Amino acid sequence: MTDNTLGAYNIADLREMARRRLPKGMFEFVDRGTEDDLALRNNRAAFERIKLKPRTLVDVSGRSQEITLFGKRQPMPIVIAPTGTAGLLWYGGETGLARAAAAAGIPFTVATNSMTAMETIADQAGGRLWFQLYMWSDRALSHKLVARVNAAGFDALIVTVDGAVAANREYNHRNGFSMPMKFGARNVADVLTHPRWLAGVLLRYLLTTGMPRFEHHPSEVRDTITARPSAKSLLKNDSLNWEDLRVLRKLWPGVLMVKGILHPRDAVLAADCGADAVIVSNHGGRMLDSSMATIAVLPEILDAAGKRLTVMVDSGFRRGSDVVKALALGAQAVLVGRATLYGTAAGGEAGAARAIAILREEIDRVMALIGVRSVAELDRACLHMADGMGRGEAVGETAPAILATRGRVAVGPML
Ligand SMILES: Cc1cc2nc3c(=O)[nH]c(=O)nc-3n(C[C@H](O)[C@H](O)[C@H](O)COP(=O)(O)O)c2cc1C
C-alpha cells in the first residue's frame, strides 16, 4: 500500500517541512503575522480556551462532515482561503493546491495577487472556484477584473476589506523580502542556501514561464515579482467604503462575500449592502496586531447577523478540533490559509492533499469522540467557553441600536 502521509502526521509537521525547504524570508512571509505576532498567537490561544463537552454512548458509526454551502453540498466543512503566494512555494503551486481542493470536493479561492491566471487554474484544476478581490483605487480597473471573473465562470466573489493600508511586517524588511521581490546580499544568501527551492521553484519558473508575475493586475501595473510596479498607487485601497460594496452587489451576479469582518455592526452593514456572506477574519493575524481572535468574536457576529447571511470564519485553524469548535459556535464553514500552504510548500499538490486529509481525519475523530454524527448536530452545548468567551460586549446590543448608528458607520471603515 502506498504511504500518502509524506511523513507528516499533523499540520505542524507540514509546517516544519516547509520551514526546512523554503528560504527564510519566504517562510516567514507565510508563517508570521505582523509587528509582534500578537494576533497570530492570540488566534491560537483563543482556541485553547474553548473546550469540548463530549456526549457518550451515541452510535456515531454513520457520521458525516458534509455541509451545504450556498446550495451546494461538499464533503467537508472547509474552504481554501485566498493566498497570493502558493505559486512561489512550489512550482505550479496554485494549480496544485486547487487540484487538491477539487479532489477533496471543497472550494478553492483564487487570489487577486495570484501568480497563476484564474483561467489557467479553472482549466487545469477544475472544481469549485471562488475569486478574492482586492479593490484598487481605480474602481473601473477592479470592475473590469470582476467582469473577467464572471466570464471565467467563477461562482463566488470574496471582497477583502481588512487591508486599507499595508501591514507593518518588519520581519520582511529584515529578511530583505519584499513584493515585488528584490535580490540583495541578505536574501541571495538565503536563496542559495535553500537549493531545493532555488532549483525546484525559482529556476524552473525562469526556464519555463519566466519570472512569476501578478496575473490579475491590470496591464497598467502588471509586472514580474521582481519589478517595481510602474503605477503602484493604483493598487492602494484606503478609500474603500460601503458604497463600493453596494456597487459590487449590482455588478456581480453570483455569491458575494465580505472577508475581514471583525465587528458585529459591520456584519449587519454587509447584509444591508446585499452581501450573501461574511468571513470573520483577521487575515491570519497578518494585518492588525491588536485585533481580536476570530473565534472569540464569532458568536457576537453570528448573534448580530447570522440570520441574514452566511457566516464563515478563518485565522489560526490548525486542527480538526478548531474547525469543530467554530462549527459548534454556528459558523457555516471554515477557511484555511497556512495549513494548506505548509502542505503545498512541503510537497506541492500531494502536500496540499495531505494537509486536507489531516484536517478531514481530525474533524472526523473529534466528531466521533464528542458523540456527534453530523455538522447539524454541533451546537454551543458541545462547548465549554472559558472566561465568558462568546458573551462579547456587543452581544446585548439590539438590532435597532445597531441600525441607529448605521449612517455614521457607513461613511467609511475608519469609524
Ligand atoms: C502567505 C499568505 C498570503 C495571503 N494572501 C491573501 C490575499 O492575497 N488575499 C486575502 O484576502 N487574504 C490573504 N491571506 C489571508 C488568508 O486568506 C486567510 O485569511 C488567513 O491565511 C487565515 O489564517 P490561517 O493562515 O491561520 O489559516 C493570506 C495569508 C497568507 C498566510
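**View 1. The buried side of helix α1.** Six residues of helix α1 (residues 11-21) are buried: Ile 11, Leu 14, Arg 15, Met 17, Ala 18 and Arg 21. They lie on the same side of α1, because they cover an arc of only 160° around the axis. The arc is taken over the directions from the helix axis to the C-beta atoms. An α-helix has 3.6 residues a turn, so residues three or four places apart point the same way. The buried residues of α1 pack against α2 (24-31), α10 (195-207) and α15. Buried means that 20 or more other C-beta atoms lie within 10 Å of the residue's own; exposed means 12 or fewer, partly exposed in between, with C-beta atoms placed from the backbone. Contact means C-beta atoms, placed from the backbone, within 7 Å. Helices (H or I, at least four residues) and strands (E, at least two) are DSSP runs, numbered from the N terminus.

The model is predicted: local features need pLDDT of at least 70, side-chain atom pairs count only at pLDDT 80 or more, and totals for chains, interfaces and linings use all residues. Residues are numbered from 1 along each chain as its sequence is written.

**View 2. Gly 320 in helix α14.** Gly 320 lies in helix α14 (residues 320-329). Gly 320 counts as buried because it has 23 C-beta neighbours inside 10 Å. Leaving out residues up to four places away in sequence, Gly 320 touches Leu 359, Glu 362, Ile 363, Arg 365 and Val 366. Its C-alpha atom is separated by 9.2 Å from that of Met 367, 47 residues apart along the chain.

**View 3. Ile 301 and the largest nonpolar core.** This core holds 116 residues. Val 278, Ile 279, Ile 301 and Val 334 touch the most other members. The largest share, 14 residues, comes from α15. A nonpolar core joins buried Ala, Val, Leu, Ile, Met, Phe, Trp, Tyr and Cys residues through C-beta atoms within 7 Å. Beyond four places in sequence, Ile 301 touches Ile 261, Pro 264, Ala 267, Val 278, Val 280 and Val 311.

Note on methods: Contact = placed C-beta atoms within 7 Å.
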